[in-house]
Amino acid sequence: MRKRSWNDQMFSGVMTVILILCAVIAVIPLLSVLALSFSSKIAVNTNAVTLFPVGFTLDSWKAIVTRPDMWRATAVTIGTTLVGTFLALIITSLLAYPLSKKEFGLQKGIMIMVVITMIFKAPTVPYFLTLRSIGLYNSVWAMILPHILTAYNMIVMRTFFLGFPREVEESATIDGCGPFRILAQIVLPSSKAVIAVIGLFYAVTIWNQYQHPLYFISDMNMFPLQMKVRQFVTESSELQTIAAKRAVNYTERSLKAVVVVFAIVPIMLVYPKLQKYFEKGAMLGSVKG
Amino acid sequence: MQNASQRAAARTQSKGLADNFRKYWPYYVMAMPGVIYLIIFRFIPMLGSVIAFEDYQVYTGIFSSQWVGMKNFVNMFTYSDFSRILTNTLILGALRILFCFPVPVIMALMMNEIGAPRLKKTIQTAVYIPYFLSWIIVSELIFDLLGVSGLFNRARALFGLRPLLVMQQSKYFRTVYVFSTIWKEAGWGTVVYMAAIAGIDQSLYEAASIDGATRFQKMRFITFPMLLPTVITMLLLQIGSFMELGFEHVFSLLTPMTYSTGDIFDTYVYRVGILQAQYSITTAVGLFQSVIGLVMVVFFNQLSKKISDDGGLW
């Protein structure tokens, strides 16, 4: 008996150690880049920085946060995320609600349409040409409209609406409520959890998007944060020129680190508070309609 | 005769729809924006694929460009580029299923063995984080990590090894793709499996304890078999979306030095189609990819439905 429980403890212990290692691996690159962003030029150039800042300085940060183009990009990202998420929730719930009603004559037909969009992806080039022809080239809408209705999110929401108790809606109908009022005043207020989850997924998609701005936005004044990061990282000549000045206490590498951290901070601030919603969302996804 | 009855049926059906509309018009109004959206953003681009059969010129447009039939497809198959991007896509897809898919399953099984709830929560929080970063950010972290003065080469230096420029050599691209996928997605991938494990009947474990089973035996003979249906469903869905390697993922890791092993359909179409404006041939390439993708998804979805009752996406 004793031997067995010792075995069990060993087993648990080994698993725990491996997982702690996984957790460390998951955060090490982030710590490393954070440390670089606060380190001095000498420390970075002599490879003295690993996971903690060496020769702590805010100079790299100052060089980046005083750039108006960073803030413009931040404004573009925040703006498109807010507007996009808002529109996405409206259009998704407006479609999901009637599709959860079997009285709706087009229910089957529209569901088939939705499933087709899930299994057959239009080739990139005609997609690009279509969106360009409706005026999305160099327009902020190119970063909003393509994301406001995804089949998957719509189906998750529809599944949730299918589980809504019929009696409540029926008694509201008898009291003279039309479908619009039922949706706005009864169904949506009691679906806050699913709305939060789906809103979060839309928001993360829009915040992190790179493909659409890459295809559609060539005007640098409209670049979102992700494009700005890419611009600094790949076409690093600009950062090189800034960092080449003699009297400064930063290097190209520490500046890159700041740009990366700058783009991560907002997500890191909200993520811990919203973690449980994300988890809930991933589980909702495993229930289908 | 049959024709007449068909027509009658069609009439009652359309009459039924008209009646349905009169009675439930608010539902039609609600669904309208979504349907219009799907038509503009999803279906018109699908129909736009006809330019794969044309010699499409921007100024003459879809409707008056010259029809060339299968010429673009024939040309496509003779391109040396095509066999390269097809091979790369297939290899990366296969590696992802072989090496990336099992990781979250194993991690979820291990996670289930952690006794302390606080510790478990902390570990989960940490391993989920990378999922919420964009591929642009992740690729920059990787470029820095694997650079000359990055942590990777400094660790090599500790063992007296010379620096290795991983990102600039085509032979390492696939390895980087696999590890970056695991780093970003494996942690988050455990959520689905943890949910399935949480649903396992606790009395099974109690019965096993009475019979004197060790923790490992419980994992091997209870947790794993109970998790298997979820694993199979996820596996089939993953195989079905084999061709979707993620444009942003591959594009952000790719450099001209690594095209020979890392250039896939999506990145090729972007470069040649959108940047160099060779619309017709790249639409043919894209259509080929979409059709293969469609066949795979439908086939594996049906298979997954056959295997388990609640398998499949639709």
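Biologist: In this predicted model, how many residues of chain B are in contact with chain A?

Modeller: Happy to start there. Helix α1 (residues 2-47) of chain B gives the largest share of this side, 19 residues. By class, the side of chain B that touches chain A divides into 50 nonpolar, 17 polar and eight charged residues. On the chain A side there are 74 residues, and on the chain B side the number in contact is 75.

Biologist: What is the radius of gyration of chain B, and is the chain compact or spread out?

Modeller: Chain B has 15 helices and two strands. Its C-alpha atoms fill a box of roughly 75 × 55 × 35 Å along the principal axes. The globule rule gives 20 Å for 314 residues, and chain B is well over that, so the chain is more spread out than a compact globule, with a radius of gyration of 26 Å.

Biologist: Which domains does the assignment give for chain B, and how many Å separate their centres?

Modeller: The assignment gives domain 1 (2-67) and domain 2 (80-307) of chain B. Six residues of domain 1 of chain B are in contact with five residues of domain 2 of chain B. The domain 1 side of that contact has three nonpolar, one polar and two charged residues. Taken over C-alpha atoms, the separation of the two centres is 37 Å.

Biologist: Are α3(B) and α15(B) roughly parallel or roughly perpendicular to each other?

Modeller: Two packed helices are described by the angle between their axes and the distance between the axes. For helix α3 (residues 71-78) and helix α15 (residues 279-307) of chain B, the axes come within 9 Å and cross at roughly 75°. Angles of 65 to 115 degrees count as roughly perpendicular. The answer for α3(B) and α15(B) is therefore roughly perpendicular.

Biologist: Which residues of α15(B) make the contact with α3(B)?

Modeller: By class, this contact has five nonpolar, three polar and no charged residues. From α3(B) come B:Asn72, B:Phe73, B:Asn75 and B:Met76. From α15(B) come B:Ser280, B:Ile281, B:Ala284 and B:Val285.

Biologist: How many residues of helix α6 (residues 124-133) of chain A are buried?

Modeller: The buried residues of α6(A) include A:Pro126, A:Tyr127 and A:Phe128. Just after α6(A), A:Gly135 takes a positive phi of about 90°. Helix α6(A) is largely enclosed by the rest of the structure, because its buried residues number eight of the 10.

Biologist: Which residue of chain B is in contact with A:Ala263?

Modeller: A:Ala263 lies in helix α14 (residues 252-284) of chain A. With 25 C-beta neighbours inside 10 Å, A:Ala263 counts as buried. The C-alpha atoms of A:Ala263 and A:Ala63, 200 residues apart along the chain, are separated by 15 Å. Leaving aside neighbours within four places in sequence, the contacts of A:Ala263 are A:Leu225, A:Gln226, A:Val229 and, from chain B, B:Ile137.

Technical notes
Residues numbered from 1 in each chain as written. Chains lettered and ligands numbered in written order. Predicted model: local features only at pLDDT ≥ 70, side-chain atom pairs only at ≥ 80, totals over all residues. Helix = DSSP H or I, 4+ residues; strand = E, 2+ residues; numbered from the N terminus. Rg over C-alpha atoms; globule rule 2.2 N^0.38 Å. Domains from an automatic or database assignment. Contact = placed C-beta atoms within 7 Å. Nonpolar A, V, L, I, M, F, W, Y, C, P; charged D, E, K, R; others polar. Axes fitted to C-alpha atoms, helices over the stretch in contact; angles between N-to-C directions. Parallel < 35°, antiparallel > 145°, perpendicular 65-115°, else oblique. Buried ≥ 20, exposed ≤ 12 C-beta atoms within 10 Å, placed from the backbone.
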